[in-house]
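Student: I am new to this structure and would be grateful for a close look at one part of it. Please describe the surroundings of the ligand in a connected account.

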Amino acid sequence: MTLSCQGTGVGSQRQIAIGPAHLLPGGEVKISPRWVTASETDDELRRFARAMRDTRGELRAIREQIPEDTPSDIAAFIDTHLLILEDNALTSAVESLIRDEGCAAEWALQLRREALLKVFDAIADPYLRTRRDDINHLINQVLKQLTGQARQIVDANSLDGTIVIGHDISPADIFVLKHHQIAGLVTELGGPMSHTAILANSLGIPAVVGAHHVAELLREGELIILDAHNGAVIAEADSTILAWFQRRLAAEHGDQASLHALLSTAAITRDDIEIELLANIELPEDVALVHESGADGIGLYRTEWLFMNRDTPPDEEEHLAAYQRLLEGMDGKPVVFRTLDLGADKWCENLGNQGCRNPALGLRAIRLCLTEPEIFMPQLRALLRASALGPMRIMIPMLSSVEEIRQVRALITGAQRQLRRDGLRYDPNIAIGGMIEVPAAALICDLLARELDFLSIGTNDLIQYTLAIDRMDEEVTYLYDPAHPAILQLVRNIIRAGNEADIPVSMCGEMAGETRYTRLLLGLGLTRFSMQPSAILPVKRLLLNSDASECNRMIRVACASNDADIIRGVIEDLNEI
Ligand code: PEP
Ligand code: MG
């Protein structure tokens, strides 16, 4: 009997994967009370020591796999976990529960876990809460060793060709996955615009997110089919279904070869409109993906990764080293560096606003930076210094007012003055742009455009805020509609404001990389698209076969009608031309 589990598909270029399921260690291990006799306590102590040692060994193995050019914060994150495992507060209390109370090793560890978590739960501080999660996660790993449930993501060879299934995927896990040839990825949590999904997409593999309880339905190693187009995970497929998906997979491989032939073709529409295709990336090492995609440059470099998995923010030199590495890797192609956009979906251990009641509406992104200049200024100084090294621009996220732009410009002027005084070089004419991702900014974008050198439409957040749906919450994914008439009105407004101010407008939200909307956006007048590297060639192929003025003619009346059904119908028609 064929089993199928539903989530939401992610994956612009590749949509089908067939391979063995590899279940990542997921939910919490449940432990029942168990005691041992006095003669058995030494064995239990030894079992506990062995489990601790194996868990440390597992972490060290991950650490050793990290290539040298990886940001130091990733290794530091693992070091922190190793230190927690070596802490007496964890080990000695467990040992005395075994020795003095006769608890079995896993029951003693479970009691210690409950006691430690109770202490953390009584503290409101968001930083300490993430440490609570670290401890919980690590104890879970040790319990898995003790109960024989340990499965290792570090076993690199076992990952290749598999479809990896995780409850949620941590940054460390994504990092490990990035270095292996996995066939697909499935998570039980997360919507398609969650950061996990965006990262999964950056792996260039098909993925399904928000597939609730999928791990409970699958067995390790069984052959499964992942269909990102329909958001489905299929197990126990009969031979007819399997053969049908194998044909689709083969067709997809063939399609990739034909896409590859477009690598050096310029993206020019049939009516001679030149389109700039740019890449969104997260890490300097992703530069290789940018070259493989034939992108004209980087339209969005998310700098948050520099701040993650560490205890203190990076200093100016660390920022500069990362930016320099990226610019050098780009061989003269331009890069748009987005300033720190921490908070809400992009939180990290010791910064960001995860603890506040409503993180997406709180002190995040540029608001956080303007409140904490000691974090922002090292980044601004480093960005300005990097501007002497290669073509680049600075982009401000989450703008909602003209005043915020003026404050940033004042800080930049101050930083430039300092750099001159320090005898350090920078480009005095560096372009400063802003992301339009808050409805207020979209509505006053004519005013913002007068203060900025370029605009970039961040549809991931613009849709979240305009339609009032949490992009992290898979329960409301069904409402996430880039073609909602309200969104299209705002997008049109932003493109028009940019044209009137004579400044470039790009789109860097995920909508820009979805081929379903390519012709719609072309018809709205968009000529700069920034997306996951893997989406660039499919979008290019469509653009080469499109006529911008015909797209414009087809959508004008539909968009003006604000009728969702008419708009949907026109999108279908556009994609059938
Ligand atoms: C966006 O909001 O559309 C965007 C590109 O930024 P992020 O996804 O990083 O919030
Ligand atoms: Mg955003």
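Tutor: In this predicted model, ligand 1 is surrounded by 15 residues. Arg302, Lys346, Gly458, Asn460 and Arg471 are the closest of them.

Three of these residues may be taken in turn, beginning with a side chain. Arg302 places a polar side-chain atom 2.7 Å from an oxygen atom of ligand 1. The backbone also takes part: a polar backbone atom of Asn460 lies 2.8 Å from an oxygen atom of the ligand, and for a polar backbone atom of Gly458 the distance to a ligand oxygen atom is 3.3 Å. As for exposure, ligand 1 taken alone exposes 290 Å², and the protein buries 100% of that area. The space that ligand 1 takes is the largest cavity.

The shell can next be considered by the elements that build it. At least two of its residues come from strand E10 (298-302), and at least two come from helix H18 (459-467). The greatest contribution is that of H18, which supplies 3 residues.

On the scale of domains, the shell around ligand 1 takes at least three residues from domain 3 (257-273 + 448-577) and at least three from domain 4 (276-436).

Sorted by class, the shell comprises 7 charged, 4 polar and 4 nonpolar residues.

Notes
Residues are numbered from 1 along each chain as its sequence is written. Chains are lettered from A and ligands numbered from 1 in the order in which they are written. This is a predicted model: local features need pLDDT of at least 70, side-chain atom pairs count only at pLDDT 80 or more; totals for chains, interfaces and linings use all residues. Side-chain values use heavy atoms; hydrogens and water are left out. A residue is near a molecule or strand if one of its heavy atoms lies within 4 Å of it. A polar contact is a pair of N or O atoms within 3.5 Å; within protein, one must be able to donate a hydrogen and the other to accept it, and residues adjacent in sequence count only if both atoms are side-chain atoms. Accessible areas come from the Shrake-Rupley method with a 1.4 Å probe; for residues, only the protein chains shown count as cover. On a 1 Å grid over the protein atoms alone, a cavity is a set of points where a 1.4 Å probe fits but cannot get out, and a pocket is an open set with protein on both sides within 12 Å along at least five of seven lines; lining residues have an atom within 4 Å of a point. A molecule sits in a cavity or pocket if more than half of its atoms lie within 2 Å of its grid points. Helices (H or I, at least four residues) and strands (E, at least two) are DSSP runs, numbered from the N terminus. Ala, Val, Leu, Ile, Met, Phe, Trp, Tyr, Cys and Pro count as nonpolar, Asp, Glu, Lys and Arg as charged, and the others, Gly among them, as polar. Domain bounds come from an automatic or database domain assignment.
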